[in-house]
Amino acid sequence: MSVRWNINTDVLAPGLKDAVNAALGPLPYTYTVISGYRTDAQQDRLYAQGRTVAGDIVTNAPGGRAASPHNVYPSMAIDFVPLVNGEFLWEPVTHPAWQAGIAATKASSGLVSGATFATLFDPGH
């Protein structure tokens, strides 16, 4: 259906937006890109989540070390979430919208699905 971009796409690596649109755009679901480039402070806040502040662990990369492809400029990574019935569908990842998005990013040349990460399952990456 479509890909909605809720981020500044000017800070993405060349070709990343086109690759994401090509992978997710043809699917019968709407996906919203919710994250791209992150400053060191933004990356550190996410890294603290589940460690020193409440919440689930969502990244294994602290800021400032280019350990996350979000934390380099231009950004080499985005995070997306399916939009189902007008709502972000965070879970379950077994929902067909998630499964279609995961399969499309896995199959796309030039994209790496976070569903294949060895240390942190991150299907929307």
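This report walks through a salt bridge, a serine, some aromatic rings and a surface patch in a predicted model.

## Ground rules

Since the model is predicted, local features need pLDDT of at least 70 and side-chain atom pairs count only at pLDDT 80 or more, while totals for chains, interfaces and linings use all residues. Residues are numbered from 1 along each chain as its sequence is written, and side-chain values use heavy atoms, leaving out hydrogens and water.

## The salt bridge

The count comes to 1 salt bridge, taking that as a side-chain nitrogen of Lys or Arg within 4 Å of a carboxyl oxygen of Asp or Glu. R38 pairs with D79, and the closest N and O atoms are 2.6 Å apart. R38 sits in the loop between β2 (30-35) and α2, and D79 in strand β3, so the pair ties together parts that are 41 residues apart in sequence. (Helices are DSSP runs of H or I with at least four residues, strands are runs of E with at least two, and both are numbered from the N terminus.)

Both ends are tucked away: R38 is buried at 8% relative accessible area, and D79 is buried at 11%. Here buried means under 20% relative accessible area, exposed over 50%, and partly exposed in between, using a 1.4 Å probe and protein chains only.

## Around S68

S68 lies in the loop between α2 (40-48) and β3 (79-84), and at 5% relative accessibility it counts as buried. Leaving aside neighbours within four places in sequence, S68 is in contact (heavy atoms within 4.5 Å) with R38, Q43 and A61. A polar atom of the S68 side chain also lies 3.0 Å from the backbone nitrogen of H70.

## Aromatic rings

There are 5 aromatic pairs. Rings of Phe, Tyr and Trp (its six-membered ring) pair if their centres lie within 6.5 Å; planes under 30 degrees apart are stacked, over 60 edge-to-face, and the rest tilted. Y29 and Y31 have ring centres 6.5 Å apart and planes at 75°, so this pair is edge-to-face. Y29 is partly exposed at 22%, whereas Y31 is buried at 0%.

Y31 and F80 are edge-to-face too, with centres 5.5 Å apart and planes at 85°. Y31 is in strand β2 and F80 in strand β3, so the pair ties together parts 49 residues apart in sequence. Ring pairs link Y29, Y31, F80 and W98 into a cluster.

## On the surface

I34, F88 and W90 form a nonpolar patch with about 300 Å² of accessible area together. Areas come from the Shrake-Rupley method with a 1.4 Å probe, and for residues only the protein chains shown count as cover. Patches use residues with over 30% relative accessible area and no salt bridge, joining like charges within 9 Å and nonpolar side chains (Val, Leu, Ile, Met, Phe, Trp, Tyr) within 5 Å. F88 is in strand β4 (residues 87-88) and is partly exposed at 36%.

Conventions
Polar contact = N/O pair within 3.5 Å; in protein donor to acceptor, adjacent residues only side chain to side chain.
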